[in-house]
Amino acid sequence: MDYTALASIAIDKLKYSYTPYSGFNVAAALLTEDGKVYFGVNIENAAYTPSNCAERTAFFKAVSEGERHFKAIAVAGCRKSHLETREYKEQSRLPALCPPCGVCRQVMREFCDPETFDVVLVSGKDDYRVMKLKELLPESFGPEFVID
């Protein structure tokens, strides 16, 4: 699967975000090394701290089904109100890139090689920026530090 298709999945899933408090929707499409895709959305909670980001939702779904080898994740985010604009409806254009939070970056690091794992920051189905996890989480702490 190419990253244009992965970006399209992330954009298409924005509508499933549950964001009654922030109004900021995020969706992620996680690509396994064997070509499967797991998607996730952010899910908020009135108590705030039990909320879960889209990237972690995608990872947790995949890991709970036995996946452990990942190639890339596409992340798209915007205000809920943007999903109603003509620009979004006609072109699937987002106003800006939406990088993962620090907690999500650390979860990615748990399961992915920072040298090879791609994070695809999406602003449109054909408009995205690809970064290695190591660029987003330099000098990271990983499993090799705690496992003998």
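The mean positions of the 18 positive and 21 negative charges of the protein lie 6 Å apart, a value computed, as are the others below, from a predicted model.

The protein has five helices and five strands, and along the sequence these elements follow the pattern α-β-β-α-β-α-α-β-β-α. For 148 residues, a compact globule would have a radius of gyration near 15 Å, and the protein, with 15 Å, agrees with that expectation. Along the principal axes, the C-alpha trace spans about 55 × 35 × 30 Å. Among contacts between residues at least 6 apart in sequence, 62% join residues that are at least 24 apart.

| Element | Residues |
|---|---|
| Helix α2 | residues 54–64 |
| Strand β1 | residues 24–32 |
| Strand β2 | residues 37–41 |
| Strand β3 | residues 70–79 |
| Helix α4 | residues 102–111 |

Eight of the 11 residues of α2 are buried, so this helix is largely enclosed by the rest of the structure. The buried positions in α2 are Ala54, Glu55, Arg56, Thr57, Ala58, Phe59, Ala62 and Val63, and the buried residues of the helix pack against β1, β2, β3 and α4. After α2 comes glycine 66, whose phi is positive, near 95°.

A pair of aromatic rings is described by the distance of the centres and the angle of the planes. With ring centres within 6.5 Å taken as a pair, the count in this model comes to seven aromatic pairs. In one of them, the rings of phenylalanine 59 and phenylalanine 70 have their centres 5.0 Å apart and their planes at 65°, so the pair is edge-to-face, the angle being over the 60 degrees that this class requires. Because phenylalanine 59 lies in helix α2 and phenylalanine 70 in strand β3, the pair ties together parts that are 11 residues apart in sequence. Both phenylalanine 59 and phenylalanine 70 are buried, and these two residues, together with Phe111 and Phe117, form one aromatic cluster.

Key
Residues numbered from 1 in each chain as written. Predicted model: local features only at pLDDT ≥ 70, side-chain atom pairs only at ≥ 80, totals over all residues. Heavy atoms only, no water. Helix = DSSP H or I, 4+ residues; strand = E, 2+ residues; numbered from the N terminus. Rg over C-alpha atoms; globule rule 2.2 N^0.38 Å. Contact = heavy atoms within 4.5 Å. Lys, Arg positive; Asp, Glu negative; His and termini not counted. Charge placed at Lys NZ, Arg CZ, Asp CG, Glu CD. Phe/Tyr/Trp six-rings, centres within 6.5 Å; stacked < 30°, edge-to-face > 60°. Buried < 20%, exposed > 50% of the residue type's maximum accessible area, 1.4 Å probe, protein only.
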